[in-house]
Amino acid sequence: MAQVSRQVQSQVQQQVQTLSPQQILVVKLLELPAVELEDRIRAELLENPALEEGSDEAKNEAEEVSSDTENEVEYDSLNDYLSEDDIPDYKLQENNRSKGEKVEEIPFSEATSFYEMLRQQLSELKLSDHQRELAEYLIGSLDDDGLLRKSLENINDELAIYAGVSTNEEELEEILRMIQEFDPPGIGARDLRECLLIQIRRKEEAEKQNPLLSVGERIIDTCYEEFTRKHWDKIMQKLSLSEETLQEAIAEITRLNPRPGASLGETLGRNMQQIIPDFVVDTYDDGTIEVSLNNRNMPELRMSRDFTELVEEHTRNRANQSKESREALMFLKQKMDAAQGFIDAIRQRQHTLMSTMQAIIELQRPFFLEGDESLLRPMILKDVAERTGLDISTISRVTSSKYVQTNYGIYSLKYFFGDGYTTEDGEEKSVREIKRILLEIVEGENKKKPYTDDELAEQLKQKGYPIARRTVAKYRDQLNIPVARLRK
């Protein structure tokens, strides 16, 4: 029977979100911390002759960003660039700490940050521009401990929607493998198991004569669940190991670092004095809280006067223009479009950052008044998004890799976020407070007979926190508190 090939054409309606070049620029600028933004602005000044750095007089004319700044400003005609109001108002005026008090300079540090160190290692690889862009996005998605907890599927979607970059999970996986070769070992792992495997395999390459490392790899690779549950008998039976070999291999595993990013920060001497804050929050005795952006080293931008005059001259002679003159005018207009778009993107970035920081202060006001960690209330990205009217993804970008200087020290914006827990009395407590109580219990225990996880759960229950043993074990691990037998 002859086969018949039939081609059917169907029409499918699909809604696809596309971002304009201006929106993509805003998203990219939003992710940059203060130091990197300064570099980006200086690079734009070099690349675009329509931009110039404003004089001190121009800086004094800069207006403070207000809460009703428009989200997007479009300029459709050349006249928009030739008005008297071509000096941007994106730069905030400095807030005084108190009347008559001189504001101290925020120290500018040359210390290398965790993310900068990874980018330095990235610069040593021979990659295409596309691959480098993916790698930088993955590095920026790492948590402070160096692990990647976002799925590659989500990152793929983010790149498509917010950065206009087309890729796939296979390509991201390939780039991630490159990052996992960076130092310190374990960077870029997606969970603790992968983190330990990366480290132990790196050690195997360096210490080829150590057979215990091979045993440790087999334990983590094939018996990870038994290892986390401390089912030593099952591991010995499954891998045909003696008790002595098992204990020695476990000792090798416990020397690995579950937080490679944190160790990198310590190695580089990254402490509170070395971080450049993006915000400055001042709290006064009368309960007033003021917030400002750290723009001290930020170049002021405005449209170039010389460039503007050149465009005016070309515009006046438009009737008698040659083809070359029309092309020149088109080039000049493109540069001015790009310059004004960049200024608008900076303005929108500053407004978004200020809105986000003000919302965090409102939600965590007791902490900013007292500086007491226990006063931090449960808060997630959605809480800030709802208060500001911004997308959760926008809040995530604002809070990533940014810091705030307060009266009590410098904190990562991520510090103010945490899950909540409702007690039996209906009182909402932050997980951070529960961890603090757990730490106090461990510090006050009998070191000759430390509490097991079940006993820790019972202790917390007596204090009004009926938490499951498994949850207690998770919090203990996050606090880097060893199991009971290792605390003796």
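**Loops between helices, and what surrounds them**

A: K230 lies in the loop between helix 10 (224–228) and helix 11 (232–239); helices here are DSSP runs of H or I with at least four residues, strands are runs of E with at least two, and both are numbered from the N terminus. Before we go on, please keep in mind that this is a predicted model, in which local features need pLDDT of at least 70 and side-chain atom pairs count only at pLDDT 80 or more, while totals for chains, interfaces and linings use all residues. Residues are numbered from 1 along each chain as its sequence is written, and side-chain values use heavy atoms, with hydrogens and water left out.

Back to K230: its phi is near 60°, a positive value in a residue other than glycine. K230 counts as partly exposed because its relative accessibility is 32% (buried is under 20% relative accessible area, exposed over 50%, and partly exposed in between, with a 1.4 Å probe and protein chains only). With 65% relative accessibility, S240 counts as exposed.

Is Q180 buried or exposed? Its relative accessibility is 5%, so Q180 counts as buried. The Q180 side chain makes a polar contact with the side chain of R177, at 3.1 Å; such a contact is a pair of N or O atoms within 3.5 Å, where within protein one must be able to donate a hydrogen and the other to accept it, and residues adjacent in sequence count only if both atoms are side-chain atoms. Beyond its neighbours within four places in sequence, Q180 is in contact (heavy atoms within 4.5 Å) with I187, G188, A189, R190, E194, I198 and R202. The loop between helix 7 and helix 8 also holds P184, and the peptide bond joining D183 and P184 is cis, with omega about -5°.

Helix 7 has a partner too. The axes of helix 5 (residues 129–140) and helix 7 come within 10 Å and cross at roughly 70°; axes are lines fitted to C-alpha atoms, for helices over the stretch in contact, and angles run from 0 to 180 degrees between N-to-C directions. The two helices, helix 5 and helix 7, are therefore roughly perpendicular to each other (angles of 65 to 115 degrees count as such, under 35 as roughly parallel, over 145 as roughly antiparallel and the rest as oblique). Which residues of helix 5 meet helix 7? They are H130, Q131, L134, A135, L138 and I139, and on the helix 7 side they meet E171, L172, I175, L176 and I179. By class, this contact of helix 5 with helix 7 has eight nonpolar, two polar and one charged residues; Ala, Val, Leu, Ile, Met, Phe, Trp, Tyr, Cys and Pro count as nonpolar, Asp, Glu, Lys and Arg as charged, and the others, Gly among them, as polar.
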